[in-house]
Amino acid sequence: MLTSLYADQAALLDWSRAQFALTACYHWLFVPLTLGLAVVMGVMETLYVIKKDDFWKHTTQFWQKIFGINFAIGVATGIILEFEFGTNWSNYSWFVGDIFGAPLAIEGIVAFFMEATFIAVMFFGWNKVGKKFHLSATWLTGIGATLSAWWILVANSWMQHPVGMEFNPDTVRNEMMDFFGVAFQSVAVVKFFHSVLSGWMTGGFVTIGISCWYLLKKRENRFALASLRVGAAVAALGTIGVMLTGDASGLDAARLQPMKLAAAEGLEKGGEGAPFSIVPGIEVPKVLSILATHDPDGFVPGIEDIKNGYTLPDGTVVPSADEKIARGKTALSAFKTYRQAKADGDSLLAQTARATLNENLPYFGYGYLEKADDLVPPVPLVYWSFRVMVGFGGALTLILLLVVWFDYKKKISSMRWLQWLGLAAIPMVYLAGQAGWIVAEVGRQPWAIQDLLPVNAAISSLSTSAVITTCCIFLVLFTILLIVELRIMCKAVKKGPDFHNGTKNKKA
């Protein structure tokens with residue numbers, strides 16, 4: 001009977017995680033393109049206002065059509081994702097809802113309404129408002145989308161590094177004590193810029209890819225080359241920014257989530273001058289230490305070090321996983337004693353239990369774990385996802401350099417192999433982005449909130465069959481939405497931009 005109960009709980013946890021991962025992966029197909037195309041459109045319409053050339057007006061309108069198709073589906077998946085916190089992860093929502101809910105509420109009330117307001121002007125105000133007002137609406141739509149990303153990423157960053165709160169054992173909730181500490185902590189700032197700039201990469205490379213399709217078809221030559229140049233500029237800014245913020249993100253992971261970094265490298269035993277694994281069996285000496293500490297001889301703990309405990313070069317002793325789990329169980333026991341003593345009116349016992357709880361509170365979440373191996377995420381998935389992210393990121397950088405160079409030489413119109421590479425960049429940039437999120441989210445397992453609440457304590461009390469049913473429904477629904485979006489988008493691309501009123505589209 002007990003074995004069956006544990007099996008049911010494990011199945012519920014696995015299916016709840018699978019449903020959330022499914023929704024998040026689908027949602028992230030749309031978000032980066034929204035962020036990137038917002039900049040592409042803004043640049044193009046700015047050129048229209050400056051140059052007073054209707055060519056740029058019609059070019060902007062084409063990319064706005066692509067933006068609009070993508071934006072609509074992204075909103076639908078995003079709403080479902082937020083609802084899942086209440087339906088599938090109600091313990092999580094209760095435990096930290098005072099903190100986690102604040103940035104999501106701000107996102108919905110301020111940022112989302114801002115972009116929803118100005119997107120109407122952007123689409124329907126071309127002949128109803130002045131050029132500069134319309135340009136402002138286009139940029140404000142993009143700014144609204146970016147602000148939405150800011151507050152969502154603040155919430156996600158807090159899950160990676162919980163700060164600015166205090167646990168209240170009387171309400172069994174973590175309560176926010178420092179809003180600005182939550183909203184502007186360094187982890188949130190780095191994650192925001194890294195994610196938004198990866199969206200610029202996505203929007204830029206999608207623009208390059210579609211432009212290359214027109215060049216392959218020998219259609220809309222001026223439009224294709226002009227769009228390609230704007231896309232390349234946005235992709236270049238995004239790529240450089242992703243590299244810089246990726247470095248900062250690596251430093252944060254080494255400092256705050258060493259197990260994630262160890263899993264991403266498949267590093268069993270760490271030490272000073274840790275090597276970087278290109279693939280199993282091929283290592284570059286000291287590179288991991290440089291990435292993690294900016295010191296070729298810096299200390300990087302491995303999986304076994306984190307499980308067994310280790311001492312940092314400055315003498316700081318990091319407890320073993322077993323010690324953390326034991327102290328976590330002490331914290332949970334003291335919490336239960338405190339609650340019972342309060343109910344019984346035993347103030348002395350309540351005071352003693354509260355002191356024990358406070359002493360062991362940093363390890364509270366570990367009390368829900370049973371063994372050291374529970375702290376280890378799925379290493380192969382994290383390891384290879386990191387290499388997909390870095391590998392495709394490197395390939396995209398090379399494609400971008402080739403596109404810029406041969407466009408500068410005015411040869412790209414005749415180079416079909418490069419045009420095919422530009423088209424191939426579209427799936428590559430999406431795979432890199434999805435792999436990056438797998439590293440970020442799977443790499444911090446088993447934690448829903450790092451060191452504070454594991455996923456097995458965060459789920460709702462639902463029947464496994466209900467979660468399986470909704471997961472399958474979402475899979476079918478999201479797949480249909482994705483197919484519909486791709487069909488509409490492909491139809492719009494095949495139709496091409498609508499150049500009229502005498503606008504010429506012949507020369508680059």
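Let's start with confidence. What we have here is a predicted model. Its protein chain has a mean pLDDT of 91. Of its residues, 97% reach 70 or more. There is one stretch to flag. Over residues 502-508, pLDDT stays under 50. The model still has 16 contacts for that stretch beyond four places in sequence. A caution applies here. Where pLDDT is low, predicted coordinates should not be read in detail.

Now the helices. How do α6 and α14 pack? Take α6 as residues 186-216 and α14 as residues 416-442. Their axes are 8 Å apart, and the angle is about 155°. Anything over 145 degrees counts as roughly antiparallel, so α6 and α14 fall in that class. As for what lines this contact, there are 18 nonpolar residues, five polar and two charged. The crossing of α6 and α14 is left-handed.

Next pair: α2 and α7. Helix α2 covers residues 54-87, and helix α7 covers residues 221-256. Their axes come within 11 Å and cross at roughly 70°. That puts α2 roughly perpendicular to α7. The handedness here is right-handed. Who makes the contact? From α2, look for Phe 55, Trp 56, Thr 59, Phe 62 and Trp 63. From α7, look for Arg 222, Phe 223, Ala 226, Ser 227 and Val 230. By class, the contact of α2 with α7 has seven nonpolar residues, two polar and one charged. Look at the spacing of those numbers in your own view. An α-helix has 3.6 residues a turn, so residues three or four places apart point the same way.

On to α8, residues 258-265. Is this helix buried or exposed? Eight of its eight residues are buried, so α8 is largely enclosed by the rest of the structure. The buried set includes Lys 260 and Glu 265. Pro 258, Met 259 and Leu 261 are buried as well.

Lys 218 has a phi of about 55°. Find Lys 218 in the loop between α6 and α7. Its relative accessibility is 68%, so Lys 218 counts as exposed. Then there is Lys 286, with phi near 70°. Lys 286 sits in the loop between β5 (282-284) and α9 (287-293). With a relative accessible area of 35%, Lys 286 is partly exposed.

One more backbone point. Which peptide bond is cis? The one from Gln 445 to Pro 446, with omega near 15°. Pro 446 lies in the loop between α14 and β9 (447-449).

Last stop: Leu 312. Where is Leu 312? In the loop between β7 (310-311) and β8 (317-318). At 29% relative accessibility, Leu 312 counts as partly exposed. Leaving aside residues up to four places away in sequence, Leu 312 touches Phe 299 and Val 318. Compare Asn 456 for scale. Leu 312 and Asn 456 are 144 residues apart in sequence, and 30 Å apart in space, C-alpha to C-alpha.

To recap: α6 and α14 are roughly antiparallel, α2 is roughly perpendicular to α7, and α8 is largely enclosed.

Technical notes: Residues are numbered from 1 along each chain as its sequence is written. This is a predicted model: local features need pLDDT of at least 70, side-chain atom pairs count only at pLDDT 80 or more; totals for chains, interfaces and linings use all residues. Side-chain values use heavy atoms; hydrogens and water are left out. pLDDT is the predictor's confidence in each residue, from 0 to 100. Contact means heavy atoms within 4.5 Å. Axes are lines fitted to C-alpha atoms, for helices over the stretch in contact, and angles run from 0 to 180 degrees between N-to-C directions. Helices (H or I, at least four residues) and strands (E, at least two) are DSSP runs, numbered from the N terminus. Angles under 35 degrees count as roughly parallel, over 145 as roughly antiparallel, 65 to 115 as roughly perpendicular and the rest as oblique. A crossing is left-handed if the near helix is turned anticlockwise from the far one by less than a right angle, and right-handed if clockwise. Ala, Val, Leu, Ile, Met, Phe, Trp, Tyr, Cys and Pro count as nonpolar, Asp, Glu, Lys and Arg as charged, and the others, Gly among them, as polar. Buried means under 20% relative accessible area, exposed over 50%, partly exposed in between (1.4 Å probe, protein chains only).
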